[in-house]
Each structure stands twice: as structure tokens, then as C-alpha cells.
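Subject: Handover of a structure and the findings

Dear colleague,

Please find the structure below, followed by an account of what was found in it. I would ask you to keep the structure open while you read.

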Amino acid sequence: MAIWRSGKLEEHLILDHVQDLGLVGVTQMAAVLSRTAEPDDIVAFAIRTEILGKPAVVSNVAKEKVKAAGVIARSRSGIRIFEAFQVGPGLPVTFREVGAEIGDAGVDFTAPDFFVDAALDDHLAQKGFPGARRRDAPEPDALTPEKLDAVELEDPTARLKHPVRGGLIPEMAPVIYATATTAPPIGLETRPLGDLLDHGWRDEGQALCLTLRLRTTWPLLPALDAFLSHPRLPDRAKLYALACACTASSHRVLAGDLGAAAETDVILERFANAMALQTAEVGGVVPWLLGRWPDGTELSDRVALFDVAVASASVAAALLRPALRLDAEVEPLYVHVEQATPAVHALRDALLDRLEVPPGTIDGRFGALVRTQFKLDWPDGAACDMERLREETGSDARRSSDADAIADIAAFHAISLHGLATAMAAYAGYAMARSRGDVTLTQPEALPSGGLPRWAAAYLARVILVKSKHAPEADCAALADRAATIAPWELDVLRYANELRFTLGVRTQRLLADLDREAERAPSLEVHATRFLVAQALGLDAALRANLRRALEAAKGSPHAWMLRVLACLARPGERSQRDVLVTLLRGAAPEELDPEKNRIVHALYGPDPTARVTEVRQTLQAQLDALDETARTREERVLDLLTRPSAPRPERPTAPVEPGPDAVQEALVALRWRLNRPGAARFPNRKALHAHARAAERLSQHAEAVATEWLGVVGRAGSGLVASLDAALEVGDSSTLDAVLAKAECALGDALTTGWRQEAGSTLNALRPRLMERQHSELRARVDALYSEVLLAATDAEREVIDGRISNLCAEVLWSPSAGEAETGPVSPRSGHFLPMRLGRHAVQRSRDLGTAEWAIARGLRQVVMYNLAEGRRDAKTLHGTRDRGALCELRHHSTAQPVRVYYRVQTGGPCVLAIHAKQDDEEQRRVLERIDAWDDEAEGDESS
């Protein structure tokens with residue numbers, strides 16, 4: 001601050017007197033200094049600006065370097081200076097517009113009647129500033145601010161069992177927020193309210209700043225009356241004061257101060273009446289706001305952002321008013337919310353339209369709003385952090401243009417209204433359903449969650465969890481998934497949703513990812529043990545080992561350490577084979593009192609019936625110990641037998657085993673074919689039937705050993721089996737006795753093949769279960785169940801071949817369609833995090849059929865693709881030589897001695913893509929097939945794009 005007096009420049013240090021006054025306060029200080037000036041004396045002050053986007057510096061102003069590039073100066077005789085300094089040769093100066101902050105740049109602060117805050121005048125006089133005047137101390141009034149009493153809120157940990165106990169949470173109140181660019185009056189929090197209203201403001205902008213006092217004054221009604229009855233206070237400031245009082249009183253009631261309910265009801269009624277008078281002529285809050293907020297970017301009335309806040313608080317208060325009454329009934333409240341919510345949505349949509357948010361879904365609109373208005377990186381559908389938004393709008397409003405400042409405040413209120421409407425709809429629906437005795441009548445999971453404030457998203461997630469406690473078991477897991485998706489940052493929501501899904505038997509990658517989030521926030525024995533069990537069920541070895549190690553570390557000193565050590569032993573093949581480990585575990589014991597309903601770790605480790613579970617694992621340990629002892633004894637007996645018995649002569653003709661064992665089917669076929677290839681057998685009339693039976697029996701090697709038990713008995717039985725009957729027929733040269741034995745073998749073979757086929761088909765359908773559980777696709781799951789029934793009823797080879805084709809088509813359809821979790825977030829690998837699942841080319845199944853591949857082989861190959869994805873690539877695969885010129889062709893093999901099924905694929909940009917499936921017959925045929933498949937490279941790229 002400086003004055004040119006009698007040809008000399010006098011400088012005054014403003015920073016030594018008052019801090020953070022703003023430009024309004026600076027002009028008032030210039031007016032104080034002007035009182036000492038003669039008509040020709042010039043009073044001046046410097047203001048800040050920018051040159052080419054960088055702060056300009058003028059040296060030695062106020063005895064220090066300040067970022068300034070312009071001067072405003074006046075004298076009583078009419079001299080006016082409003083110039084920018086030229087800093088450096090040829091540099092243009094961009095002068096910041098300050099008219100909205102200090103009034104017109106031509107305002108004469110040297111005029112005798114220029115407004116000066118009485119408190120500022122008194123403060124400067126105490127500092128000895130030239131021209132300042134002391135005043136008498138203002139008389140105290142009854143409206144001095146009182147310290148708010150601390151209000152105890154609900155314990156957040158109690159929300160796990162009672163997520164919405166006590167009704168609304170404190171954040172659900174009318175939202176009122178605007179940022180003034182004028183400097184607040186001196187002593188806003190400490191001066192008597194009457195003194196502030198009489199002497200603490202000079203224009204409408206500063207008058208609006210006075211309403212901040214209502215946020216710390218209690219009781220509110222006397223202070224509000226002082227605002228409303230003041231003769232000079234602008235109408236806009238009185239309306240904003242009503243909105244602020246409505247917000248402050250509503251927050252006290254919702255925070256648990258029931259004594260403020262009566263006063264809050266009076267304030268809400270006054271606010272409603274005032275807004276009714278304001279909007280009566282235009283027909284509603286939305287037209288009223290749009291009329292006071294002109295369309296376009298040439299907006300210069302900065303106080304219009306207070307109108308946005310008033311309109312938002314008006315519709316919010318109308319929506320919440322019945323809920324704030326202690327005697328409110330549930331059904332009228334529900335009806336009122338249904339009727340009042342459209343008005344809230346109408347105002348929210350009007351704000352979004354005025355902000356020119358790109359059209360689309362509610363998630364897309366709010367996602368675009370957050371990114372464009374606040375430059376934040378929240379994705380579409382994510383919850384908004386209102387505190388962060390408030391900081392962003394508050395920091396930007398002082399340095400942005402008028403239109404941008406109003407747009408920021410409007411965006412803040414649009415998001416607030418969206419959260420309030422959604423939370424109120426969830427609350428009213430829940431309260432109504434509870435009053436009718438059936439919480440499942442409400443549908444909170446159907447409410448839009450994109451763009452919600454974090455508090456509203458957390459509240460909605462809690463209401464969904466309350467419904468899940470009473471919903472049918474088939475819907476509980478889906479509700480828990482929805483709650484965890486809406487509010488994954490809320491620890492109690494995430495913990496409850498994880499526990500509920502695990503209790504229901506859900507074992508998915510999505511649950512494992514949510515458990516990982518919980519472990520990052522609150523690591524504990526419970527969450528580590530649950531992660532270990534889920535990873536074990538999914539067959540994820542890396543995640544299993546890591547989580548088991550963490551669980552064992554957390555279990556040290558815990559009463560459940562023994563049970564966790566038992567589960568670790570059973571999950572580790574190396575420990576299961578150590579006798580001393582098994583003996584040590586059998587000597588241990590579990591705690592006597594175990595309640596799975598009250599303790600999450602008990603349910604995770606012991607299940608719903610701890611006693612039965614402990615008995616089961618002890619029996620498993622004992623059986624494993626007995627097996628080790630039996631193996632040791634058998635090994636010793638074999639060694640002694642080999643050392644003592646003479647070597648038996650090798651039989652000349654192969655014999656057929658009677659019981660299943662390794663390669664038992666192959667040994668039986670060798671014994672059977674050795675006899676059929678004897679010269680004497682060529683004269684048997686039924687030789688063709690015998691050879692056909694041997695060829696059909698080769699298919700048994702495709703299935704489990706146990707299915708061939710009955711057939712092996714018929715073929716290898718001593719004296720009366722098919723092999724023994726062949727020996728007898730070859731000796732006498734008569735095969736008439738073979739027909740009866742062959743009929744029995746044919747019957748046993750048919751039963752064995754049918755049983756093996758049913759097991760194989762069921763195993764293929766079961767491999768689809770984990771993927772269908774994540775997708776929750778009811779139509780595909782129904783088709784799987786229908787195929788189960790048809791598999792059990794299929795009686796002929798033709799029927800089984802048709803069913804194999806349908807299973808192949810179903811596997812292909814599941815592999816073509818990614819699950820919901822993979823579509824949103826991509827596949828997650830516990831090892832690297834970059835696993836790309838194997839996809840199926842659109843023509844892969846038809847190409848396989850063109851190669852002559854049987855339907856059973858196609859179904860088995862597709863099952864291997866499903867298992868490859870579930871195991872995240874940990875399968876037997878190799879690159880085929882001679883195919884690298886066109887792009888390496890790879891092979892995913894399913895080992896089978898009789899019919900090895902091979903899956904051929906090529907690694908592309910989006911991951912491995914299956915080209916064809918083939919069952920190898922011989923090397924020459926495989927070479928011809930590979931040449932055809934290798935030529936399909938260009939078509940496979942088309943599959944990838946599809």
C-alpha cells in the first residue's frame with residue numbers, strides 16, 4: 001500500500017497489520033489511508049496477475065518481492081490509474097479480471113462514504129495505520145456462539161450385524177455448499193451477530209458470507225430471526241440463511257440430538273414456505289433456478305452459485321422432512337419418498353444438462369462429470385469422495401471464472417442429490433418392507449449405484465446386506481456380490497459380504513479378490529484362513545501356498561493353530577508322507593467350545609458342525625498313518641519275498657487279470673488277442689464276433705479303471721472266463737461253448753462303456769461349474785442340468801453320440817462368452833496378474849468335425865480347454881516343430897494310451913486361440929492333419945476379431 005504525497009512516495013506494510021483479507025479488504029485499507037490524503041495525493045495498491053501464464057514479479061513493493069504486475073490508484077481530485085506494468089521488452093501483459101471481487105475497477109475508494117468494516121477500522125487503528133479510527137466496543141447480545149455438544153454416533157463395527165440400525169445415517173441431510181470469493185468479515189466467529197449484520201458487510205456477496213455464522217451458533221431460531229428481520233440484508237442472503245439453518249439443524253437431529261427435532265421442524269417449515277413464495281410464479285424449483293442462472297458462459301453474477309445451493313437444499317429438505325419427525329409413520333414416509341424423489345431427480349438432471357454432461361447411462365453421466373469438472377480419475381460407476389470434491393471446488397472457485405465456479409458447485413450438488421435420492425429410496429423401501437414383516441420385498445440391489453457419494457454407496461450396500469440376511473439362500477450370494485461391488489472400500493461391508501458368501505459355499509475368483517482387499521485393510525487369521533480354503537477349492541497352487549503361509553504365521557499362539565496345521569498337512573503332499581508329522585498332529589486337539597455362529601474363524605476351519613469336522617480330520621490323519629505303516633510293511637515283505645523265493649518261470653501265454661489295476665484292461669486285451677490270433681481260432685464260426693468284441697473293449701482304456709471291474713471278471717475268471725473258454729475251444733477245436741460266455745462279456749462291456757461315458761460326460765459338465773457360478777447365467781445353468789438328466793437316461797450309442805455333440809456345443813458356447821468378472825476387470829492370475837484365458841475360434845468345433853474327430857473326443861478336448869483356464873495355464877503343452885514360419889502352432893495334450901486327444905492352438909494378441917481338436921490315430925495321419933490346421937492361420941485371425 002502506498003501514497004504519493006507532496007512529491008514523495010510513502011509505503012505502508014499491509015502484511016504487518018492484517019493477513020488473508022483478500023482484495024475486498026485491500027480496497028477498504030486503501031479507503032482508510034485515503035482519509036489522510038489531500039485532493040491531489042494519490043493512494044495506490046498493487047494487485048497480482050500473470051504474464052504468459054507465469055506470475056509476474058515487481059520488486060520492492062511493501063519492502064519485498066511480490067507477485068504483482070498492476071496498480072490501481074486514485075485521488076480525490078479525480079486522478080485514476082488502472083495500469084499493468086510492462087515487464088521485459090516486447091512481453092504482452094494479461095491482466096486478471098478483478099471486477100467481480102472488488103466491484104467496478106473504477107470504484108472510488110477515496111470517496112468519504114466508501115464502506116469500511118467497523119471491525120477492520122478498529123483493528124487498523126490499534127496497529128497505528130494512518131487514517132484508521134477506533135470505535136466503542138459493541139454491546140454483546142444474546143446471539144453469541146455456543147460450543148456444540150459432542151454427539152456420539154453409532155459404532156461403525158456394530159453395522160456388521162445391524163447395518164441400518166437407528167434409521168438414517170448423519171450424512172443424509174440437506175446439502176448446502178457454496179464458495180464465496182469475497183473476503184469474510186473480520187471476527188466472523190467471535191463478533192456479536194448484531195454487529196456483523198449492521199457493520200460487517202458492504203455488498204450482497206459479503207452478506208452471503210455472514211450465513212457461515214449459522215453453522216456454529218446454537219440455538220438456531222434466535223439467530224435465524226435476526227437474519228430474517230434485518231432491514232438492510234438482501235433477500236438472497238436471507239434465503240441462503242434459511243437453507244444453512246435447515247442444513248445445520250437437520251444434521252443435529254440425524255446425528256442423535258433428539259432435542260433439536262422441534263426446532264428443526266419449525267425451520268424446515270419456514271424454509272418450505274419461503275421457497276413456495278419464491279417459486280410460485282415460475283412453477284417449481286427447477287424453473288426458478290434456471291431463471292436466476294442464465295444459460296451460456298457469459299455469466300458474471302458470481303452469487304448465482306448460492307442459488308444452486310439453495311435449490312438443492314430445498315428439494316433435499318422436502319424429501320427428508322417426514323423422516324426427521326419423531327412420530328413419522330413408515331407407510332406415509334414411503335409414499336412421500338416415492339412422490340418427492342422425482343423432484344430431486346429433476347433438479348439433478350437439470351444441473352447435469354446445464355453442465356453439458358455427455359448423454360448416456362447414469363454411470364456414464366456421473367463418470368464424465370467427475371472427470372470433466374474435477375479432473376479426477378474415478379472410473380464410470382465408481383463412488384465419489386465428497387470431501388475430495390468439496391476441496392476441489394473450494395480451491396478452484398477462487399481462481400476460476402464465474403461460469404466455472406458455478407459449474408463446480410452445480411456438479412457437487414448434482415452428485416449430492418443423486419446420493420440423497422438413492423439412499424432415501426433404499427431407506428424408505430427397507431423401512432416399509434420391515435413394517436410388513438418381509439425385508440425381501442424391497443429391491444435395493446436394483447437402484448443405480450454409479451456416481452454415488454461414498455457415504456450413499458456404503459449405506460446402499462448395508463441395506464442390501466440386511467436383505468441378504470433374510471433372502472432365500474439361492475439369492476444371498478448374488479446380493480453379497482452386489483454389496484461388495486458397490487462399496488469395496490467399506491471394511492465392515494466387505495467383511496460381512498465375504499463371510500456370507502464363504503458360508504454359502506461360494507468359491508470363486510471374485511470372492512478371492514475381495515478377500516485379498518479385506519486382507520490389505522485388516523489382515524487377520526480369519527481372512528488368511530478363508531483365502532487359503534478358497535484358493536484350495538479353486539486349485540490355485542500359488543495362492544494356496546502364499547495364503548497358507550500367512551495363515552500359519554497368524555495362527556501362532558491361537559487355540560485354532562492345531563486345526564490349521566492339520567489342514568496344512570493335508571494340503572501338502574510332502575507333509576502327508578512324513579510319519580512323525582502325522583503322529584504329532586494326532587496327539588494335538590481342538591478347543592472344546594466351538595461356536596461357528598459367533599466366530600468367523602470357527603466356521604471357516606471347522607464348518608457348521610465342528611465336532612463332526614474334528615472327528616473327520618482325525619480319522620483322515622489316522623487313515624493316512626495306517627496307509628504309511630501298511631506301505632512300509634508291504635515293502636519289507638516284498639523285499640524278503642524277493643530274497644527268499646525262487647524266480648517263477650515266465651508263462652508262455654499271457655493271462656488276463658480278474659481285478660482292476662494299472663494297465664489291467666490292456667493286459668486283458670493282450671491275452672484275448674493272443675488267443676484270437678492262433679491259427680485254430682481262424683476256423684471258429686463266431687470269430688468275427690470275438691474280434692468285434694475285442695475292438696469295442698479297447699474303448700475301456702479311455703475311462704477310469706473301476707468301470708471295467710465286471711468285464712475283467714467275465715474275461716479273466718479262472719475255468720469259466722472268456723480267456724479260459726478260448727483255451728478250451730482251441731484244444732478241442734470246437735467254439736460252440738463260447739457263445740454263452742461271449743454274451744455275458746458283451747453285456748458286461750456295454751454296462752462298463754455306459755458307466756464310463758456317464759462319468760466322462762458328468763466330469764465335463766462339472767468342469768463348467770466354476771465358470772457358470774461366476775457368470776450366474778441361469779439359461780446356461782439350466783441347460784447343464786438338463787444335460788445331466790439326459791446323460792443318466794441315454795441307453796444307445798446313437799443317443800450318446802447326440803449328447804456328446806450337445807456337450808461340445810455347450811462347452812464351445814461357454815468358452816466363447818467371457819464371464820462377468822473377466823469382462824469388467826479382466827482375468828486375474830495369483831502368480832503374475834497377466835494370465836490370458838484360452839479362447840475358442842468360432843469355427844474350431846466344425847473344423848474338428850471336418851477332420852473326422854469323434855464327438856466324445858471334441859467334448860474331452862473342450863473340457864481340457866476349460867481346465868486350462870481354471871488352472872491358469874498350468875497344463876501340459878508344447879510347441880510343434882516345423883510350424884514356426886507361419887506362427888508357432890502349439891498343442892495342449894490329454895494323455896490317453898488308446899485315444900490321445902490333442903488340442904491345437906496358436907497364441908495371438910488376445911491370448912491363446914483354439915484352432916481344432918483331433919484324436920491321433922498314427923503319425924502319418926497326424927502329419928496330414930497338422931498341415932491342414934497350419935494353413936488355417938489367416939482364418940484364425942478372423943476368429944480373434946469376432
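A residue is called buried when its relative accessible area is under 20%, exposed when that area is over 50%, and partly exposed in between, using a 1.4 Å probe and protein chains only. The model is a predicted one, in which local features need pLDDT of at least 70 and side-chain atom pairs count only at pLDDT 80 or more, while totals for chains, interfaces and linings use all residues. Residues are numbered from 1 along each chain as its sequence is written, and side-chain values use heavy atoms, with hydrogens and water left out.

The chain as a whole

Of the 946 residues in the chain, buried residues make up 50%. The secondary structure comes to 38 helices and 14 strands; helices (H or I, at least four residues) and strands (E, at least two) are DSSP runs, numbered from the N terminus. Among contacts (heavy atoms within 4.5 Å) with a separation of 6 or more, 67% are between residues 24 or more positions apart.

Thr530 lies in helix H19 (residues 525-538). Is Thr530 buried or exposed? Thr530 has a relative accessible area of 1% and is therefore buried. Leaving aside residues up to four places away in sequence, Thr530 touches Phe502, Leu515, Arg600 and Ala604.

Ile362 belongs to helix H12 (residues 362-374). Its relative accessibility is 22%, so Ile362 counts as partly exposed. With residues up to four places away in sequence not counted, Ile362 touches Arg348, His418, Pro448 and Gly450. Ile362 and His418 are 56 residues apart along the chain, and their C-alpha atoms are separated by 9.7 Å.

The nonpolar cores

A nonpolar core is a set of buried Ala, Val, Leu, Ile, Met, Phe, Trp, Tyr and Cys residues joined through side-chain atoms within 4.5 Å. The largest such core has 121 residues, and those with the most contacts inside it are Tyr240, Phe271, Leu351 and Ile415. Helix H14 (residues 402-435) gives the most to this core, namely 18 residues. As for Leu351, its contacts include Leu289, Trp293 and Val308, not counting residues up to four places away in sequence.

Helix H9

Which residues of helix H9 (residues 285-292) are buried? They are Val285, Trp288 and Leu289. These residues cover an arc of only 95° around the axis, and therefore lie on the same side of H9; the arc is that of the directions from the helix axis to the C-beta atoms. An α-helix has 3.6 residues a turn, so residues three or four places apart point the same way. The cover over the buried residues of H9 includes helices H7 (235-254), H8 (261-279), H10 (304-324) and H11 (330-354).

Strand E13 (residues 901-908) is largely enclosed by the rest of the structure, because seven of its eight residues are buried. E13 pairs with strand E14 (residues 911-919) in the antiparallel sense over eight bridges; two strands pair if DSSP finds at least two bridges between them. The two strands E13 and E14 form a hairpin, with two residues between them. Within this pairing, Val907 stands opposite Pro912 in E14.

Cysteines

Cys384 is buried, with a relative accessible area of 1%, and Cys913 is buried at 0%. A disulfide is taken as a pair of cysteine sulfur atoms within 2.5 Å, and by this rule the count is zero.

Yours sincerely
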